[in-house]
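Visitor: I am new to reading structures. Could you walk me through one, feature by feature?

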Amino acid sequence: MADREMRAVYAQTLTALAASDPRICVVEADLARATGTGPFAKAYPDRFFNVGVAEANLVGVASGLSAAGKRPFAATFACFASRRAYDQFFLSANYAGLEVVLVGTDPGVTAAFNGGTHMPLEDLALMRVIPRLVIVEPADPVSLEAAVKLALDRGGCTYLRLQRKPAPEIYGPGEPFEFGKAKLLRPGKDVVLAALGALMVGEARKAAESLATEGIDAAVLDVFTLAPLDRAILLDLARKTGRMVTCENHRVTGGLGSAVAELLAEEGVPARLARIGAGADEFGEVGTQDWLAERFRLTAPHIAAAARRLVKGE
Amino acid sequence: MINPSPERPASPAELADLASRARSIRRSCLESIAALGVGHVGGSMSVVETLAILYFRHLRLDPENPRNPDRDRFVLSKGHAGPALYAALAEKGYIPREMLGTLNRGGTSLPSHADRQKTPGVDMSTGSLGQGFSAACGIALGLRMDGPRADGSIRRCWAIIGDGESDEGQVWEAAAFAAHYRLSNLIAFTDANRFQIDGATEAVMHLRDLSAKWSAFGWRTFRVDGHDLAALDRTILSACSPDPEADAEGRGRPSMIILDTVKGKGVPALEGKAESHNAPFGPADLEAALEALDKEAPRG
């Protein structure tokens with residue numbers, strides 16, 4: 001079976017849930033064609049709203065819908081969801097104690113041909129400082145379905161970071177997920193590759209296979225939620241291996257790498273840390289996703305090289 | 001129990017009662033600000049009559065059950081007028097009058113800007129200007145999704161924005177949205193008190209003809225003296241009347257009532273002054289203001 005398109009899974013999951021939950025509605029800002037919520041709009045035209053090219057209003061209207069008892073899923077490119085509508089999401093949704101799921105699509109280098117203006121390498125950093133917000137970046141279609149259901153069940157606000165393109169299935173149907181629980185995809189005693197999102201989990205798995213051929217036993221962790229962070233498993237693995245490589249399709253500042261660094265320092269865990277991601281001083285650029293992944297050193301060979309350096313004590 | 005909507009203009013007796021409510025709200029709002037010594041006097045005073053007529057006549061509410069899902073919603077998008085809203089909520093019985101003395105004290109339920117999680121009767125947290133208005137659109141949309149009440153009446157969302165607030169681009173994003181989605185259950189007010197923090201609105205950012213703007217955005221637009229309760233009442237009734245341009249499903253234009261108001265109204269030392277926005281206001285100022293207020297009250 002061909003890999004499922006992540007955006008199609010998002011739309012199908014919402015459409016299916018909407019059948020039994022009349023509170024669910026979708027709010028778009030002239031990117032429904034990109035987000036792929038057409039099937040929802042067709043099934044539930046009275047619960048689908050397009051605000052036009054107006055991201056501040058997108059989040060404001062979604063917040064109002066929540067205040068009226070609805071459960072809005074608002075989507076736009078992650079660059080706009082974070083940088084452009086930040087104060088709206090911070091105040092009208094989160095501070096106000098409402099229940100808005102904000103979906104940021106095309107994160108990091110998946111923005112590809114849209115280039116630097118549209119390339120969010122800081123959305124995780126911005127979102128991570130919002131109190132009580134859940135930040136989830138699913139690694140495959142199965143965990144995406146789970147994330148949508150969990151966001152609905154938990155209530156509150158969620159930032160769903162979503163690549164649109166197909167992703168291979170990692171998990172079998174019915175795999176249980178929880179916010180704040182990472183998934184250990186591969187055990188390993190030498191080094192931990194902690195990755196967030198489909199692109200980076202995929203690269204981390206490839207890196208682990210390549211390291212295995214060199215006799216380096218690398219664990220692979222699908223972090224799943226950046227917030228709440230699965231502190232317990234990260235600390236346990238860091239203590240056991242003493243080496244951790246964080247892998248994120250994001251700048252190394254403020255996101256997963258920073259969160260893990262804070263955790264290790266606070267807990268006094270004597271582990272080495274390497275952070276895979278765009279550099280602190282780098283803006284996004286234009287190109288194919290593959291070219292950009294290489295440009296920002298996100299690929300398996302870079303992850304493997306970082307792990308190797310840690311294992312060799314360099 | 002939710003009160004019914006008025007069907008005809010207020011009688012002289014009803015208007016006298018509203019005037020008395022407005023005086024009481026103005027007085028307790030000023031007392032609460034004076035207890036702290038500083039606050040958003042100007043923009044609170046300019047909306048007192050509007051809050052009085054909304055809370056004591058046009059909003060359909062259930063003070064005993066503030067979260068009654070069948071209630072109308074009200075969004076104070078110019079959230080800095082929180083002190084006036086709290087005085088209205090106390091007058092209506094949502095919060096004890098003594099609570100007004102805690103305005104802006106550490107740990108209070110009455111913060112400077114309205115907060116839906118802190119204060120009974122507050123439907124939306126506001127303060128970052130423009131945002132409440134978008135939320136009001138979302139609320140109106142959500143209420144419409146619920147259909148009419150059991151008695152067939154329309155669920156309405158009401159909102160007040162400021163003229164200074166109207167500098168925000170988000171206000172106009174929301175303006176287009178409400179008209180496009182034909183949110184005729186949204187009744188909004190612009191408190192045109194003609195001043196913002198840095199000076200007269202015409203000097204800081206001249207938005208030209210507000211009525212023409214709202215009309216051009218596709219709203220039913222009205223303009224009225226925001227301190228004249230009788231005129232205000234008639235205008236609100238017009239805004240709530242069926243829209244001749246409504247479609248077959250009864251969806252028409254949202255309404256914008258532009259209120260010509262005086263910033264700092266009722267406080268002679270601050271009336272019509274930009275400095276009234278967030279002003280020092282102590283016991284002596286209160287005494288002078290209350291003296292002026294008493295002079296206005298009907299004798300006997």
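Visitor: How many residues of chain B are in contact with chain A?

Guide: Two residues are in contact if their C-beta atoms, placed from the backbone, lie within 7 Å. Here, 23 residues of chain B touch 24 residues of chain A. This is a predicted model: local features need pLDDT of at least 70, side-chain atom pairs count only at pLDDT 80 or more, and totals for chains, interfaces and linings use all residues. Residues are numbered from 1 along each chain as its sequence is written, while chains are lettered from A and ligands numbered from 1 in the order in which they are written.

Visitor: Which element gives the most to the side of chain B that touches chain A?

Guide: Helices (H or I, at least four residues) and strands (E, at least two) are DSSP runs, numbered from the N terminus. α5 (131-145) and α6 (169-180) of chain B each give two or more residues to that side. α5(B) gives the most, with eleven residues.

Visitor: How is chain A divided into domains?

Guide: Domain bounds come from an automatic or database domain assignment. Chain A has domain 1 (4-167) and domain 2 (183-311). Their centres, taken over C-alpha atoms, are 25 Å apart. The contact takes 28 residues from domain 1 and 31 residues from domain 2.

Visitor: Why does Glu209(A) count as partly exposed?

Guide: Count C-beta atoms, placed from the backbone, within 10 Å: with 20 or more others a residue is buried, with 12 or fewer exposed, and in between partly exposed. Glu209(A) counts as partly exposed because it has 14 C-beta neighbours inside 10 Å. Glu209(A) is in helix α9 (residues 197-213) of chain A.
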